[in-house]
Amino acid sequence: MNKNLLVKFAVVAFFPLLSFHSAYPQAGNKEYGVYQYVMQSVQGTFDEVSAAIENAAGRRLLAKVDAGAPEDCPYKVRVFVLYDSAYAQQIMAANRQTGPFAVVDRINLFEDENGIHVAVVNPHSINRTVLMDDQKYEAMTAAHLQALRNMISGALQGKASDKQYGQMRSEGYIGKTMGVMAGGRFDSKLVEQAKVPGGNWKEVAAKVRQGLSQKSKQWGMHLIYEVELPAYETVVFGTTGTPMDSKSFSIVRAGADDARDKLKCPGLAHAAAYPIEIVVAQDGDAVKVRLVEVMFRMKMYFEDAGKWAFMKNVRMPGSIQDELGEQVKTALGTK
């Protein structure tokens with residue numbers, strides 16, 4: 001039996017027998033999707049809707065970026081990154097180390113055969129993972145999501161929707177695929193890309209900013225936004241690029257949403273998965289540069305692509321992480 005057949009046999013024969021370990025079994029928890037629609041079939045042109053979102057966001061808008069659509073896809077997709085300082089303060093107070101990976105909001109404006117749609121990354125799903133199922137923040141998260149929805153729906157005309165999609169989860173803990181791939185407590189998935197003993201966080205951030213501003217060779221990663229959290233001596237950078245995003249959308253396709261299965265480029269609904277966060281933070285006498293292990297982050301936002309899709313593209317997350325690490329180390333002169 002050749003290698004490929006052995007792998008397929010292992011998946012079919014043994015995968016159903018493997019359970020995903022949960023560190024926090026909490027029966028009865030609400031189930032949340034990674035993404036949630038706010039409006040569908042929005043009235044106006046793509047650019048008119050984009051301008052309305054931008055105006056409504058006001059000073060909260062950190063960045064807007066056109067994501068890369070898969071080849072031959074005729075539709076547009078644009079991601080807005082928003083920052084609410086009061087909300088960020090609550091997230092950081094909850095967990096200074098993991099909180100930076102949940103302080104921004106991402107809105108996805110995208111087209112398909114059925115019109116123009118607006119969705120958001122669901123903070124319920126993300127916060128539960130990043131804050132490791134600490135349920136004290138459920139009400140805070142609900143209030144924030146509602147405020148975000150109100151901002152968007154107040155600026156647009158269309159069909160209101162609260163349909164969730166992406167991976168549906170009843171807890172924040174994300175288990176390992178086949179018992180070995182990614183998975184685990186969120187804080188154990190933070191990768192320290194660099195440590196600068198005796199460093200100053202602002203000086204290190206300036207160097208990292210410079211490094212991330214240079215587009216990477218394979219995946220086109222480059223700096224999209226940054227937000228400084230001075231009270232926590234922390235800077236969050238957001239980076240993304242094409243073809244990383246367009247390939248991701250081609251892999252996930254409709255995900256678990258059968259209603260999108262026959263659309264030409266269904267993966268655009270997942271565009272708000274990016275940018276990826278790079279965090280520079282003072283940690284005692286050192287400054288650390290951290291990111292979420294990219295394979296784990298892929299599971300956070302694309303797990304509904306299915307296990308076979310992850311297996312077929314198993315090298316992609318590692319190569320993205322290597323490229324980000326090279327940008328950081330080059331910037332800091334530690335390569």
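Tutor: α10 is followed by G333, whose phi is positive, near 70 degrees. The model is predicted, so local features need pLDDT of at least 70 and side-chain atom pairs count only at pLDDT 80 or more, while totals for chains, interfaces and linings use all residues. Residues are numbered from 1 along each chain as its sequence is written, and side-chain values use heavy atoms, with hydrogens and water left out.

Student: What makes the span of α10 agree with its 18 residues?

Tutor: The expected span of a helix is 1.5 Å times one less than its number of residues. At 1.5 Å a residue, α10 should span 26 Å, and its end C-alpha atoms are 26 Å apart, so the two values agree. Helices are DSSP runs of H or I with at least four residues, strands are runs of E with at least two, and both are numbered from the N terminus.

Student: Why is α8 called oblique to α10?

Tutor: The axes of α8 (residues 294–302) and α10 (residues 315–332) come within 8 Å and cross at roughly 120 degrees. That angle makes α8 oblique to α10. Angles under 35 degrees count as roughly parallel, over 145 as roughly antiparallel, 65 to 115 as roughly perpendicular and the rest as oblique. Axes are lines fitted to C-alpha atoms, for helices over the stretch in contact, and angles run from 0 to 180 degrees between N-to-C directions.

Student: Which residues of α8 and α10 meet?

Tutor: V294, M295 and M298 in α8 meet M316, P317, I320 and Q321 in α10. By class, this contact has six nonpolar, one polar and no charged residues. Contact means heavy atoms within 4.5 Å. Ala, Val, Leu, Ile, Met, Phe, Trp, Tyr, Cys and Pro count as nonpolar, Asp, Glu, Lys and Arg as charged, and the others, Gly among them, as polar.

Student: How do you know whether N122 is buried or exposed?

Tutor: Buried means under 20% relative accessible area, exposed over 50%, and partly exposed in between, with a 1.4 Å probe and protein chains only. N122 has a relative accessible area of 0%, and is therefore buried. N122 lies in the loop between β5 and α4 (123–130).

Student: Why is E113 called partly exposed?

Tutor: The relative accessible area of E113 is 38%, so E113 is partly exposed. E113 is placed in the loop between β4 (104–112) and β5 (115–121). Leaving aside neighbours within four places in sequence, E113 is in contact with Y75, L263 and K264.
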